[in-house]
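Hi everyone, thanks for coming.

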Amino acid sequence: MTEHTTGAPHERGGHWYDREAGPLVRPYAMTGGRTRPGPGGARFDLIALVTLLPGAPGTDDPALGPEHRALIDLCRPETQSVAELAAGADLPVGVVRVLLGDLLERGSVTVSLPVPPAHLPDERVLREVVRGLRAL
Amino acid sequence: MVPEHPERPEHPDAPDAETAALALKILVAGGFGAGKTTLVGAVSEIRPLRTEELLSEAGRSVDDTDGVDRKVTTTVAMDFGRITIRSGLSLYLFGTPGQDRFWFLWDELAQGALGAVVLTDTRRLEDCFPAVDYFEHRRIPFVVAVNCFEGARRHDARSVYRALDLDAGTPVVLCDARERDSGKEVLIRLVEYAGRMHTARLLDSVG
């Protein structure tokens, strides 16, 4: 289905769809139309860290979609930030947030809370960062 | 002073402070073509990031909302990179989207950020005014990094400082965004400055 690339009005369906509408599969189709994480509903920060829980239900669970499994696989080697998961799975951040909400509710992962501005790291950590940067 | 007791069971479910991973966020802002992507790429492994934003949310900060009913999401691309300091301590750099209509994304990016680098090109100094205003208003520590493009007229840090009418103490660093060492130096200056600002505010709140 590539008619939209011509920019001409759709022949049979009238004007319901044109190239302005973007790609055919909208990103939120993967989330069943949900644009926010479920009842637990935090809007995960881009640097919130996602850790796979050791006793997490396996990826063979039929209730999980391929995108859920992709996120689990990305978390397997080490803790990942929300931003890294989005880049790694090639999914928009908003979609990743919804999928992570599912995984959190199922007890597959833990997600760290974002650091409130008043609790920025102490001097010791910042000195460590400076030393680390110099050594890069 | 609270003595250090890593085993203190504040949050029984949370991993203790010694093992909890820590992620720090630094924003890289500046006008179009100032070298944001170059800087992030010079110091870290850069990766593209897509955010699919709902315009119904975004529309609040957008004056022209014509057509919102037809297209409810928009894709915003930005750069991000990770610098691993050690296992469990990483620095994340985010290149902010340059266009004004994505200000709403800045608010989210700025939340909990350690600080920001405002990259500027002296040929178009005015391009970084919005970023300077943004971080000054929100009291987010930032350094101004003057990207000395080849062939660009060399400006000294003091004249940039004056031209931008910066708050006292805001560092201005001359850099070459293509050079890893130069980029590192910019980040080091920012982390040191953010540390000083943070300490000063803590003392303020106590006194």
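Helices (H or I, at least four residues) and strands (E, at least two) are DSSP runs, numbered from the N terminus. What you see is a predicted model, where local features need pLDDT of at least 70, side-chain atom pairs count only at pLDDT 80 or more, and totals for chains, interfaces and linings use all residues. Residues are numbered from 1 along each chain as its sequence is written, and chains are lettered from A in the order in which they are written.

So, chain A. Here we have an open sheet of three strands in the order 2-1-3, with antiparallel pairing. Its edge strands are strand 2 (80-81) and strand 3 (109-111) of chain A. Strand 1 (residues 49-52) of chain A is joined to strand 2 of chain A by two bridges, and A:Val50 stands opposite A:Gln80.

Now the two chains together. Which chain gives 36 residues to the contact? That is chain B, while chain A gives 34 residues; contact here means C-beta atoms, placed from the backbone, within 7 Å. Among the elements of chain B that each supply at least two residues is helix 6 (180-206).

Finally, confidence. pLDDT is the predictor's confidence in each residue, from 0 to 100. Chain B has a mean pLDDT of 80, but pLDDT stays under 50 over residues 1-18 of chain B and over residues 57-70 of chain B. Where pLDDT is low, the predicted coordinates should not be read in detail. For the complex, the predictor gives an ipTM of 0.77 and a pTM of 0.78.

Conventions. Two strands pair if DSSP finds at least two bridges between them. Two residues are in contact if their C-beta atoms, placed from the backbone, lie within 7 Å.
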